[in-house]
Amino acid sequence: MENKNFLMIPGPTPVPENVLLALARHPIGHRTKEFSRLFRAVTDRLSWLHQTQGEVMTLATSGTGAMEAAMINLLSPGDRVLCLVNGKFGERWAKVAAAYGMQVEVIDAPPGEPIDPARVQAHLKADPERVLKAVVVTHSETSTGVLNDLKTIAGLVKEHGEALTIVDAVTSLGAVSVPMDDWGLDAVASGSQKAYMLPPGLGFVALSERGWAAQKVSRSPKFYLDLAKYRKSLKEDTTPFTPAVGLVTALYESLEMLHREGLSELFARHGRMRDGVRAGVRALGLKPFVQDERFASAAITSVATTEAESIRSLMNKHYDIALAGGQDELKGQIFRIGHLGFVSDRDILTALGALEGTLRRLGHGDFTPGAGVGAALAVMAP
Ligand SMILES: *Cc1c(COP(=O)(O)O)cnc(C)c1O
């Protein structure tokens, strides 16, 4: 059916109507009091979402731009950087660091498994001279659906004393709690097309005071992504370059919605959807790719099945639900259900009903009718 498509990919995510309507307005001039008022309100709400006393920089980039900004503002060519890699995004940050001439060290884990903090600890302990400059962590690894133990890892980095913690929070911020100040995170990057309920186009970076101190002495080449420029402009509630005015207007609406929902319900809703999807998928005879519940992302669930591509195509064809596939060696081995942002319990029940219909079409009728929805309801509405 036309106009019935529902995105359950891990970004872009669905956008609420009031946010879409904000995008339909004429752009306002960005060097005006009106824009500055809007930008101040948005920036304050971003601090709330990041649970920080500091300020969040809004860039006209995708999430990768925000992450690149975090890395090149805190680090310099030649710096030793430890990248934690258990999926495609972790790999990307190792590539960014290498592109800027940093010395990349890697701790990895197989896809679907979390990074082992004990290995991070051992690596940090093996640096008595305190030469290591940063540890780069992908909090929610979207390529697999693993939620890494950021709190523990950041605590270990704190014990090291010198290294900074740089976090890709692109699919965790707004879906799970990322208390930046409490956990001592030095840079947190995210992007608009994930839990922010916006189209793609904005990147966000927040730095700690230690992060800003490192920013002052960093020698990586930068111009558009020089965060000192953004911080200076923010003192006048504005941006150094033309902001994505329309997206900032829409961001105001989406942040107000998130604020009305409140942090605790926001995180509870994402947790409930994760639990519902995992229970429902299991009841339909499928296996969540991330086995250990403790490391299952609240934003995205990967399902292991060699029928992944047929399932995706039938879900699209018969139910207008778009799911994501696996990437690289996981292609055809998993499909991924995005459940972050403007997604509700109802959407999860719908998706599980559709998944059941899809499995029936593929000849797997060997479960009680409604088994997936029933199992989800048992955990979502006990
Ligand atoms: C989406 C995403 C990004 C950013 O990707 P862009 O395409 O540059 O917006 C980064 N990290 C993770 C974990 C993501 O899910």
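Gly 191 stands opposite Gly 203 in strand S10, and this pair belongs to the antiparallel pairing that joins strand S9 (residues 187–191) to S10 (residues 203–207) over five bridges. Two strands are said to pair here if DSSP finds at least two bridges between them, while the strands themselves are DSSP runs of type E with at least two residues and the helices are runs of type H or I with at least four residues, both numbered from the N terminus. The model is a predicted one, in which local features need pLDDT of at least 70 and side-chain atom pairs count only at pLDDT 80 or more, although totals for chains, interfaces and linings use all residues. Residues are numbered from 1 along each chain as its sequence is written, and side-chain values use heavy atoms, with hydrogens and water left out.

Strand S9 also pairs with strand S8 (residues 164–168), here in the parallel sense and over three bridges, and within that pairing Val 188 of S9 is the bridge partner of Val 167. How many of the five residues of S9 are buried? Five of the five are, where buried means under 20% relative accessible area, exposed means over 50% and partly exposed lies in between, computed with a 1.4 Å probe on protein chains only. In a regular strand the side chains alternate between the two faces of the sheet. In S9 both faces are covered, with Ala 187, Ala 189 and Gly 191 buried on one side and Val 188 and Ser 190 buried on the other.

These strands belong to an open sheet of seven strands with mixed pairing, whose order is S2-S10-S9-S8-S5-S3-S4. At its edges are S2 and strand S4 (103–108), each of which pairs on one side only, and the twist from one strand to the next averages 20°, an angle that, like the others given here, runs from 0 to 180 degrees between the N-to-C directions of axes, which are lines fitted to C-alpha atoms and, for helices, over the stretch in contact. Helix H6 (residues 150–160) lies across S3, strand S5 (134–138) and S8, and runs at about 155° to S8; contact here means heavy atoms within 4.5 Å. Helix H9, for its part, lies across S2 and S10, and runs at about 110° to S2.

The loop between strand S3 (80–85) and helix H4 (88–99) holds Gly 87, which counts as buried because its relative accessibility is 13%. Leaving aside residues up to four places away in sequence, Gly 87 touches Glu 141 and Ser 143.

A second open sheet has five strands in the order S1-S13-S14-S12-S11, again with mixed pairing, and its edge strands, S1 and strand S11 (287–288), each pair on one side only. Within this sheet, strand S12 (residues 300–304) and strand S14 (residues 334–338) pair in the antiparallel sense over five bridges, and Ser 302 stands opposite Arg 336 in S14. Helix H13 lies across S1, strand S13 (321–325) and S14, running at about 90° to S1.

Grid points are joined across faces, edges and corners, and a volume is the space filled by probe spheres set on the points.

The largest pocket holds about 520 Å³ of space, and among its 22 lining residues Phe 6, Pro 14, Phe 342, Arg 346 and Asp 347 lie nearest its centre. Strand S1 (6–8), helix H1 (17–23) and helix H13 (345–361) each supply at least two residues of this lining, the largest share, four residues, coming from H13.

There are two cavities of 30 Å³ or more. The largest has about 70 Å³ of space, and of the 13 residues that line it, Thr 58, Leu 59, Ala 60, Thr 239 and Pro 243 are the closest to its centre.

Technical notes
1 Å grid on protein atoms, 1.4 Å probe; cavity = no way out; pocket = protein on both sides within 12 Å on 5 of 7 lines; lining within 4 Å.
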